[in-house]
Structure formats: C-alpha cells, structure tokens
There are 2 protein chains.
Amino acid sequence: MRENTKWILSDREIPDAWLNLAALVRNEYPLPVEGEAMRPLTVQGLSSRYSEECARIELLDGSYGTDLDISIPGEVMDQYRKYRTTPLFRARGLEKHLGYEGRIFYKREDFNPTGSHKPNTAIPQALYAKEQGLRGLVTDTGAGQWGAAMAWACRNYGLECTVFMTRNSFIAKPYRRYLMELAGALVHSSPSEMTAQGRTLLAENPDHQGSLGIGMGEALETVLHGDGFRLALGCMSYYAALHQTIVGLELVKQLAQAGVEPDVLVACVGGGTNLFGFMSAYLLRKLRGDPGPEMIAAESANVPSLTKGEYRYDYADAFKLTPKVKMYTLGHQFLPPKIHSGGLRYHGKSPILSLMVKKGLVRAIAIEQERAFEVGGLFYECEGVLPAPESAHAIAATIDAAKLAKAEGRKKDIVFCLSGTGYLDLRGYADMFGLKP
Amino acid sequence: MRENTKWILSDREIPDAWLNLAALVRNEYPLPVEGEAMRPLTVQGLSSRYSEECARIELLDGSYGTDLDISIPGEVMDQYRKYRTTPLFRARGLEKHLGYEGRIFYKREDFNPTGSHKPNTAIPQALYAKEQGLRGLVTDTGAGQWGAAMAWACRNYGLECTVFMTRNSFIAKPYRRYLMELAGALVHSSPSEMTAQGRTLLAENPDHQGSLGIGMGEALETVLHGDGFRLALGCMSYYAALHQTIVGLELVKQLAQAGVEPDVLVACVGGGTNLFGFMSAYLLRKLRGDPGPEMIAAESANVPSLTKGEYRYDYADAFKLTPKVKMYTLGHQFLPPKIHSGGLRYHGKSPILSLMVKKGLVRAIAIEQERAFEVGGLFYECEGVLPAPESAHAIAATIDAAKLAKAEGRKKDIVFCLSGTGYLDLRGYADMFGLKP
C-alpha cells in the first residue's frame with residue numbers, strides 16, 4: 001500500500017489546549033524583570049504595556065504557573081478551525097534530489113492566513129485585547145509576517161492596529177505592507193517621525209535602516225503615550241511561544257497518524273517562538289527525561305544570537321522600554337548587516353527557547369543567507385513550494401542533517417517547519433538571484 | 001459531533017484517470033480546423049504546433065475519441081502526489097459575515113505549486129514534450145499564473161521554457177515574472193521585439209499593452225521558426241481542459257466524504273479550463289441526463305465572451321496562426337480595456353466549455369472588476385485567504401447565489417473553486433484599494 005504524502009487531522013482532533021512548558025520548568029524559568037535594578041514585575045505593572053492576559057502569561061501568574069495544559073478559548077478555536085490543522089507533507093521531491101533514503105516531512109504553516117505561523121498567536125492576543133475593552137494593539141515587524149498576522153487578527157475583532165515596520169523591509173517588501181493595509185492597519189516605516197526615539201535616530205541618520213529592537217521601542221513608546229492601546233509581540237514573549245505550541249501538538253498527532261517517530265526536528269529561529277511551538281510536544285518528552293528526537297535551531301549567520309551571543313538578562317527593545325528578559329542576546333543595540341534580507345533579524349532569542357538551548361535540549365547552527373536563498377530556490381524546484389527566506393534556513397539545516405545521515409548510512413526521519421510562504425519575499429529572491437527588478 | 005471545516009483525500013484516493021467528456025459528446029464537439037477554408041486538421045499537421053500527444057488530444061485521436069477515462073501517466077501521478085489532493089474548505093467566516101444559513105465550500109487550488117490550478121496541466125504537457133524529445137515549450141501568459149506553472153513544470157523535466165507575458169502584466173506583476181525566472185524561464189514582455197508580429201505592433205504603437213491573443217501569436221511564431229519547440233497552452237485547448245478534470249474528480253469524492261450534495265457550483269472563467277475541470281464530474285452527470293447542481297460561470301465584465309460574445313469559429317490568437325476553434329468569442333483582435341487588471345482577459349472561451357454553455361448546462365454571469373477586488377478583500381478579512389482577482393470573480397458570484405438563496409428562504413450548499421492565490425497580485429489590490437505604492 002502506497003504511503004501517504006500529506007496528512008491533516010479532523011476538526012475534532014485539533015488540540016484544544018496549549019502546552020505550558022514554562023510551568024513544568026518554573027523553578028528554572030527566568031521571569032522578566034524591570035530596569036537596571038532588575039526589580040520583579042507585577043501583573044498590574046506589566047499590564048501598562050501588554051494586555052492583562054498577556055501580562056499574566058508572561059509572569060506565569062495563577063494557573064499559568066501551575067497548569068501544563070491551558071484551555072484554548074472557544075473564540076480562538078473558532079478562528080483556528082478556519083485554517084488548522086495545517087497539513088504535514090512528505091518532501092518526496094527533495095528526498096529524490098538528495099538521493100536520500102530516509103524520509104523528510106514538513107509542516108505547512110505557510111498555508112495559514114497571511115502566509116505564516118504568526119496568526120496562531122495574533123488571534124488570541126487580539127481576543128484578549130478585545131475582552132479587556134482595549135481600542136487596539138501596537139506592534140513592530142521586520143519582514144512583515146508578524147505585522148500582517150496582527151493586522152488581520154485585529155480586523156477580525158474590530159480593533160485598531162498600528163505597525164512599526166523596519167525601514168529596509170518597508171521599502172523592499174511592499175507586498176507585506178499591502179497585506180497589512182488591506183486589513184486596515186496603519187503602517188509606519190521605522191525609525192519614524194511618530195515617536196521621540198524615532199525622531200532622534202532620524203536626526204542622527206536620516207537613512208537609518210531600523211531594527212526590530214527599534215520598532216519594538218517605537219511601538220512601546222506609542223503605547224505608553226496612548227490611551228487604550230497595548231503592545232503585541234509576535235516573538236520574544238512567552239505568550240507568543242505558548243500559543244505556538246498548537247503547531248507541535250498537531251505535529252505529534254500527525255506523525256503518529258503517519259506512523260513516524262521522528263529522529264530529527266528542525267526549525268528556523270528569529271525570536272524563537274516558531275521553533276518552540278513546533279518542537280513543544282517533543283520538548284515535553286525530553287523535559288520528562290524520555291528520549292526524543294535531535295532538535296536543531298537554524299539561525300541566520302548574520303544574527304547569530306544562539307551560536308555567538310551571551311546568555312544573560314537584556315532588553316527586548318533598543319530603547320530599554322521593555323522589561324529585561326534572560327536570553328541569548330547579541331545586545332539590544334545590535335543592528336544586522338545592511339545586506340541582510342533573510343529575516344530572523346532579532347538580537348535575542350525568546351527566554352523559553354534560550355533556556356531549552358542552555359539545557360542542551362536544542363542545538364543551534366548558523367546558516368548564511370546566500371545559502372538560505374539558494375536552498376529556497378532548490379526547494380521550489382523540487383517541491384513546487386517557495387519558502388519564506390526564514391524557513392529556507394530550516395531547509396538548509398534539514399539538507400545538512402540528511403547529508404550527514406546519508407554519510408553515516410542511516411535512514412533518519414527528519415521533520416522541519418515550513419513557517420512561511422516566500423511569495424511575499426519574491427523581491428528578495430529576485431535580488432539574490434540577480435533577476436531584473 | 002462537530003462538522004469538519006476541511007477535507008483532503010489519502011494518496012490512494014487521488015483519481016488516476018482524467019475525465020474525457022469530449023468523447024461522450026463527440027458527435028456535437030466541434031474539432032479545430034485550419035484557416036479561413038476551415039480544413040480538417042491531422043495529428044501530424046497539428047504536431048508542428050503542439051506536442052504530438054497534445055495534438056492527439058486536441059483532435060480526439062484514437063482512445064481520446066472513444067474512452068471516457070484517460071489513465072494519468074505514472075510520472076504525472078508522482079508530481080500530482082506532491083500537492084494533490086488539494087483541500088476542500090468550508091467558508092464559515094464568509095457564511096457568518098453573510099448571515100447565510102446554508103453552507104459554502106471552496107476547493108483550494110491556490111495551495112498548488114506556483115499558486116494556482118495551472119500545474120495540473122503544465123505537468124503532463126511538459127512530460128509529453130520530454131517524452132517526444134523536444135528541447136522546450138513556448139507559451140503566453142497574462143497575469144502570469146500559467147507562465148509560472150509552465151516554467152516550473154519545464155524545469156522539473158529539464159526543458160527550456162520561453163514565456164511571452166502580456167505587457168501590462170509584465171510591468172505591473174513583477175512577482176509572477178520572478179517566479180518564472182526563478183524556475184529558469186526566459187520571459188519577454190509582449191508584444192516583443194522577438195517576433196515579426198511583435199515588431200509590427202510596436203512600430204505602430206510603442207506603448208502597445210498586449211493581449212493574450214498577441215502573446216499566443218508571438219509564442220506560435222517562435223515555435224514555427226524554432227527547432228525542437230512547441231506551443232503549450234494553459235487554456236483554450238482541450239488538452240488543458242482534460243487535465244484539469246482532476247480537480248472535479250477530487251471534488252466529487254471530497255463532497256461525498258463531507259456528506260454534501262451540492263446545489264450550486266461556481267467558478268471563474270478566463271479561458272474556461274478551470275471551470276470545466278472543477279465541474280467536470282457533475283457535468284458528466286448532467287450529460288447523462290441525471291439532475292445535477294446549478295453551474296455558474298463568472299467572467300469579467302471587461303471581457304464578456306460568454307455573456308456578450310458570439311458562438312462561432314474564431315482564431316485563438318491575434319495573428320491567425322493557431323487553428324480556428326468554435327467558441328464564444330469577442331473576436332480574436334479584442335483588447336481588454338487598459339484599466340483591466342483582474343485577469344480572465346482571454347477573448348474566447350474554450351470549445352468544450354463553450355459547448356456546455358451552449359447546451360444550457362452552465363449559466364454565465366459577468367462581474368465588474370472593482371467588485372471582484374472588493375470581494376477579494378472581504379474574503380481575506382473573513383477567511384484569512386487572499387484570492388487571486390480571477391478567483392474573486394467566483395466569490396462574488398457565490399455571494400450573489402447565497403444572497404438569492406437567503407432571499408428565497410433556502411439553505412443551498414454552494415461550492416466554488418479558489419483557483420489561485422492573491423499574494424502575487426497584491427499590487428493590483430493595492431492599486432484598487434488606493435494604497436500608497
């Protein structure tokens with residue numbers, strides 16, 4: 001009997017709880033702290049920046065500090081059912097190209113609304129804001145995956161959405177901006193004239209290219225001076241990581257359905273929530289001391305937080321407006337090289353993922369962006385699927401893992417997360433492949 | 001028990017034969033003919049333009065004239081398995097927005113390689129060319145869905161691919177061109193300097209906007225003066241229509257799995273192969289005299305071939321280089337209005353679909369392009385899925401059908417084909433919604 005090439009689950013099988021791994025490692029998990037003095041934060045204090053529910057999650061308040069399963073609200077489930085479960089695909093074309101006799105699978109988060117894994121957390125964040133009676137959410141975005149998801153989720157709940165988009169992406173990736181504006185979001189090129197910090201940076205350098213840390217700082221300044229707005233983070237926060245566990249909880253069911261016990265899991269890492277979510281169900285096994293697959297984090301060699309950063313408390317934004325969080329970081333004032341166009345540009349990696357790396361459960365490698373784009377083009381040829389440059393980092397690491405297994409004469413089952421579509425990044429591909437603009 | 005929101009079939013259930021409806025209506029089916037004299041064509045004669053297998057299909061040669069089921073070659077099945085079956089989705093978000101108590105479903109051909117239904121025929125066409133030992137294929141494309149699919153399929157079989165892309169799309173839709181060029185295709189803005197006919201048109205009007213008929217003529221001129229190349233058509237040909245029946249054969253199985261007997265089927269119409277393929281399994285029922293769903297063809301009001309054209313023999317291209325085919329046509333020299341950006345720009349509709357319309361099995365309506373883009377934006381909000389403008393015509397017709405059913409107090413099950421993604425058409429959306437470039 002022919003083996004399948006793709007799997008989805010029925011609506012009944014969509015997981016109805018997120019996997020709250022921080023509760024399991026609560027004694028080791030470093031909570032965010034306030035300022036240079038590193039004061040402990042209260043939910044009330046943090047609620048001036050995040051929605052109350054997000055503040056509770058961030059500080060592991062109440063059930064978030066004790067319960068491994070966090071029920072997904074019904075309204076979120078209604079939205080999830082629109083697009084989840086995402087299919088798991090077998091990459092037969094890539095296997096054939098590599099002459100690889102093991103199996104390669106990938107989870108299609110590119111099929112989601114707005115083309116990436118980001119709606120998995122944008123939806124609950126928007127719902128919390130609506131239930132709290134907020135007017136809207138403010139956020140930052142680099143390549144635009146997060147901004148597009150947040151804009152769409154806000155529109156679904158009747159909320160206003162303001163996005164500070166890193167300047168070089170604002171210019172180079174108009175299609176993602178269109179996607180945000182179609183959903184009614186107000187999108188500013190960051191650094192912008194909208195904030196004091198943005199004006200300062202532009203006065204120093206009118207061509208300032210921006211960074212995620214700067215965008216986050218501008219977003220937070222806007223929140224602190226506004227009324228009824230809060231900051232929404234697509235990465236770096238624990239709440240975003242928690243919501244992404246839906247991906248891993250589906251994955252474990254789908255692989256069971258396919259009769260596969262994975263040997264290697266691979267995901268790209270920007271802030272780290274995509275990887276954490278994708279691997280969550282297997283991290284649970286490892287945290288409980290059971291054997292589990294090898295776990296590989298593919299980061300950008302241009303932004304090598306995990307492979308070259310330090311594990312310490314640092315600010316999530318460039319202006320020190322956010323709490324300090326303990327993470328692998330290149331420093332909150334880090335700017336990626338100007339040539340960088342492959343996404344994954346955040347200076348730090350989310351605390352929960354950083355802890356998993358620190359504990360040795362996840363191994364990080366760095367991928368050069370030229371190689372990521374090349375591999376993206378190869379995957380497009382083999383599978384007909386154009387990955388976001390971010391996701392192409394994971395494919396490069398997958399290919400390395402397959403080649404290694406082949407050299408060792410082993411047939412490993414390797415599973416990676418295709419976190420986003422490359423259709424909105426075609427300009428980046430065109431530049432990298434030297435196509436006429 | 002909760003009803004599902006999406007369905008795919010296992011690999012074993014992927015149909016392994018195309019549905020050759022022309023064989024069933026062979027006595028009525030008007031074959032293509034040669035020139036003003038309307039001479040009958042031979043397979044050998046037509047093989048100077050198309051690959052031999054395509055010429056055989058086009059003239060219903062041998063088994064193509066007798067067999068209702070045409071086995072899908074194993075190599076094509078291997079490619080189909082990469083992405084098929086495409087999921088069937090329930091549009092709960094749109095139903096809720098409309099306050100519609102019936103059900104609305106849609107088939108996700110936007111999930112295919114290159115983002116549209118076009119690979120379903122590009123793959124077999126490339127395989128035929130490879131098996132014949134051709135060097136490559138030449139084709140025309142408007143918005144670029146077809147060119148992207150053909151380029152990708154050619155790359156998969158090691159063939160060269162040349163695409164004449166309608167000039168206004170070449171300028172306005174660079175992302176689709178990048179997609180073709182990433183797969184190694186040579187893409188020319190049409191009318192081009194590459195052909196005598198193109199040079200003549202440019203001499204008359206250096207800003208000539210082009211049309212699909214002109215692109216097809218340039219492609220055919222290139223074939224007739226080249227060596228080892230043939231024309232590949234994504235619409236208008238019967239072979240393209242035949243290959244698209246895979247969509248309808250899946251649909252009938254998926255709807256059975258969902259326990260749905262559809263009341264209305266809706267698809268957009270450019271050349272007509274998307275609609276024909278999508279509705280094929282239900283057309284079979286109707287042709288056999290069984291009752292079947294209402295069938296609605298949504299064409300562009302800017303290119304109203306079915307609603308305002310004549311049913312007669314006409315050329316498929318602007319230069320009279322192709323055979324004449326009997327179809328609903330606006331005349332082979334028809335140019336869509338310059339403001340047109342919604343796709344579906346072909347002057348005629350494929351002979352097999354035209355026959356179905358003539359027989360009263362399919363009813364055509366025309367949708368204004370402004371409305372199509374608006375509805376596309378609405379669908380994006382409700383479902384998180386941005387449709388190609390072409391597909392948005394089908395959504396507009398679906399909404400009309402739902403409103404009518406609601407007014408009549410009926411709960412109809414309406415199913416439409418989401419033939420392509422809108423991510424590559426965001427510039428068109430941006431223009432139509434007045435977003436800053």
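1. Which residue's side chain meets that of B:Glu181 in a salt bridge? The partner is B:Arg177, at 3.2 Å from N to O; a salt bridge here is a side-chain nitrogen of Lys or Arg within 4 Å of a carboxyl oxygen of Asp or Glu. Both residues sit in helix α9 of chain B, four residues apart, about one turn of the helix. Helices (H or I, at least four residues) and strands (E, at least two) are DSSP runs, numbered from the N terminus. B:Arg177 is buried at 2% relative accessibility, and B:Glu181 is buried too, at 18%. The cut-offs are under 20% relative accessible area for buried, over 50% for exposed, and partly exposed in between (1.4 Å probe, protein chains only).

2. Before going on, please note that this is a predicted model, in which local features need pLDDT of at least 70 and side-chain atom pairs count only at pLDDT 80 or more, while totals for chains, interfaces and linings use all residues. Residues are numbered from 1 along each chain as its sequence is written, chains are lettered from A and ligands numbered from 1 in the order in which they are written, and side-chain values use heavy atoms, with hydrogens and water left out.

3. Now look at where the two chains meet. In chain B, 56 residues are in contact with 55 residues of chain A, contact being heavy atoms within 4.5 Å. Together the chains bury about 5000 Å², 60% of it on carbon and sulfur atoms; this buried area is the accessible area (1.4 Å probe) that two parts lose on being put together, summed over both.

4. Four salt bridges are counted between chain B and chain A. One of them joins the side chains of B:Lys6 and A:Asp11, at 3.4 Å from N to O. Several elements of chain B each supply at least two residues of the side that touches chain A, including β1 (6-7), α7 (145-156) and α16 (369-383). The largest share, seven residues, comes from α9(B). By type, the residues on this side of chain B are 28 nonpolar, 11 polar and 17 charged. Here Ala, Val, Leu, Ile, Met, Phe, Trp, Tyr, Cys and Pro count as nonpolar, Asp, Glu, Lys and Arg as charged, and the others, Gly among them, as polar.

5. Another salt bridge is formed by the side chains of B:Arg155 and A:Glu381, at 2.7 Å from N to O. B:Arg155 lies in helix α7 of chain B and A:Glu381 in helix α16 of chain A, so this pair joins two chains. B:Arg155 is partly exposed at 33% relative accessibility, and A:Glu381 is partly exposed at 23%.

6. B:Glu250 belongs to helix α12 (residues 238-257) and B:Arg84 to the loop between α4 and β6 (88-90), so the pair ties together parts that are 166 residues apart in sequence. Both residues are buried.

7. Finally, how are the copies related? Chain B superposes on chain A by a rotation of 180° with 0.0 Å of shift along its axis (RMSD 0.0 Å). That is the relation of a two-fold axis. Copies are superposed by least squares on the C-alpha atoms of residues with pLDDT of at least 70 in both. The same surface serves both copies, as 98% of the contact residues of chain B recur in chain A.
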